[in-house]
Amino acid sequence: MMRRALRWTGWAAAYLAGLVALVFAGSWVWWQQPPSARGTGTNALWARHQWVGEPHTEAEYRDLGALLKRNRITDVFFHAGPFEADGTVPPAKYRNAAKLIEAVRRHAPGVRAQAYLGQIRTVDGVGVTDLDDPAVRERVLATDKIFLDLGFAGIHYDFEPVYPDDRAYLTLLDRTRELTRARGRLLSVAVEQPTLVDAAQPVYKALIPRTGTVHYPPRPTEDFLRALADRADQVAIMTYDVSLPTRSLVGLHFAAHTERTLRLIGDRTTVFMGVPTYRPLMDWAEDLPGALRGVRRGVDALDRPPVRPYGVGIYADWTTDSADWQRYRANWLPPGSDYFGR
């Protein structure tokens with residue numbers, strides 16, 4: 001009996017090892033085909049809080065403008081928060097915002113400077129900002145108005161975690177869209193990469209908590225992603241932090257999410273696929289050139305380009321050096337295209 005169990009265990013282990021080998025080999029073969037799709041001139045950048053919170057010289061603003069134009073960045077998410085628990089942002093945190101907006105208009109006309117606002121969203125009693133509280137949502141909207149009055153071209157939300165049954169978050173987006181559209185501004189959101197299998201969500205919800213060290217990931221389902229796209233002018237997918245062991249598997253990850261996301265919402269809203277310039281956990285496998293190559297392979301897989309503009313979102317300006325920008329231009333930007341976009 002014991003011998004038979006050991007034999008079956010050995011066969012199962014060999015079978016599993018064979019499957020793993022096939023996955024690695026298949027992804028490696030797939031990765032060898034170079035992408036044919038070019039990048040776009042509609043791209044975003046997440047920018048550090050110091051631009052909004054601290055003074056800068058005219059030369060620093062001029063350099064920022066030159067960098068944005070050279071790299072065809074159309075939208076910059078300037079970190080302006082985070083929200084306090086009550087939905088406000090202390091004025092001291094954004095005391096330099098008006099000067100920043102004026103400088104962007106001078107040195108990078110056409111680039112949209114958006115107020116990047118977010119916080120840890122309270123889930124099951126754990127977190128900072130409770131969006132289920134209508135009073136908190138009202139103060140978030142009042143704070144949004146302050147930033148729009150300062151001249152920001154839009155509001156960029158990054159609340160985490162957001163699960164696909166979060167009706168309060170959708171309500172906030174509905175109200176924010178009313179505000180931004182009334183003023184001719186943008187609403188953009190950053191969200192996690194979509195689920196791998198939507199049908200698994202009820203199982204996760206029943207068996208795994210949403211808080212604590214072990215919790216199920218707050219990823220949007222297809223229906224929830226469409227709901228976001230119908231409310232926001234731009235959706236940025238946080239595709240990074242892959243934690244896969246090889247470049248080919250990481251590339252396959254970026255390609256699959258790009259293809260799926262653009263098929264789902266590329267005709268409804270502008271999509272930015274987030275790509276990293278920081279050093280992730282498995283930095284030998286995940287890097288900027290590999291992510292960009294994967295995004296292009298994902299575009300290659302589409303039957304047609306999306307109706308709305310799309311591009312990549314660089315995370316983040318505080319981790320991107322001159323070598324990274326050169327790699328970005330070489331691996332993504334189309335030659336000779338205009339950097340303005342919608």
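1. What share of the 342 residues of the protein chain count as buried? The answer is 51%, where buried means under 20% relative accessible area, exposed means over 50%, and partly exposed lies in between (1.4 Å probe, protein chains only). Please keep in mind that this is a predicted model, in which local features need pLDDT of at least 70, side-chain atom pairs count only at pLDDT 80 or more, and totals for chains, interfaces and linings use all residues. Residues are numbered from 1 along each chain as its sequence is written, and side-chain values use heavy atoms, with hydrogens and water left out.

2. A word on confidence. The protein chain averages a pLDDT of 91, and 89% of the residues score at least 70; pLDDT is the predictor's confidence in each residue, from 0 to 100. Residues 338–342 deserve a note of their own, as pLDDT stays under 50 over them. For that stretch the model has 20 contacts beyond four places in sequence, a contact being heavy atoms within 4.5 Å.

3. Now the overall build. The protein chain has 11 helices and eight strands; helices (H or I, at least four residues) and strands (E, at least two) are DSSP runs, numbered from the N terminus. Among contacts between residues at least 6 apart in sequence, 83% join residues at least 24 apart. The accessible surface comes to about 15,900 Å², and 57% of it belongs to carbon and sulfur atoms. Those areas come from the Shrake-Rupley method with a 1.4 Å probe, and for residues, only the protein chains shown count as cover.

4. Leaving aside neighbours within four places in sequence, Val 275 is in contact with residues including Tyr 240, Phe 254, Leu 288, Val 312 and Tyr 315. In soluble globular proteins, nonpolar side chains tend to be buried together.

5. Helix 8 is worth a look on your screen. Within this helix (residues 222–231), Phe 224, Leu 225, Ala 227, Leu 228, Ala 229 and Arg 231 are buried. The helix's buried residues pack against helix 6 (167–182), strand 5 (186–192), strand 6 (234–238) and helix 9 (247–265). Helix 9 also holds Leu 249, which is buried at a relative accessible area of 12%. The C-alpha atoms of Leu 249 and Trp 31 are separated by 8.4 Å, although these residues are 218 residues apart along the chain.

6. Is Thr 40 buried or exposed? Thr 40 is buried, with a relative accessible area of 13%, and sits in the loop between helix 1 (2–31) and strand 1 (44–47). The side chain of Thr 40 reaches the backbone oxygen of Tyr 310 at 2.7 Å, and a polar atom of this side chain lies 3.3 Å from the backbone oxygen of Thr 42. Not counting residues up to four places away in sequence, Thr 40 touches Tyr 310, Gly 311, Trp 332, Leu 333 and Pro 334.

7. Finally, the charged pairs. The count comes to 25 salt bridges, each being a side-chain nitrogen of Lys or Arg within 4 Å of a carboxyl oxygen of Asp or Glu. In one of them, Arg 48 pairs with Asp 317, with the closest N and O atoms 2.7 Å apart. Arg 48 lies in the loop between strand 1 and helix 2 (50–53) and Asp 317 in the loop between strand 8 (310–315) and helix 11 (322–331), so this pair ties together parts that are 269 residues apart in sequence. Arg 48 is partly exposed at 26% relative accessibility, whereas Asp 317 is buried at 13%.

8. Two further salt bridges complete the note. Lys 93 meets Glu 84 at 3.3 Å, N to O; Lys 93 is partly exposed at 25%, and Glu 84 is partly exposed at 33%. Arg 268 and Asp 230 meet at 3.0 Å, N to O.

Methods. Polar contact = N/O pair within 3.5 Å; in protein donor to acceptor, adjacent residues only side chain to side chain.
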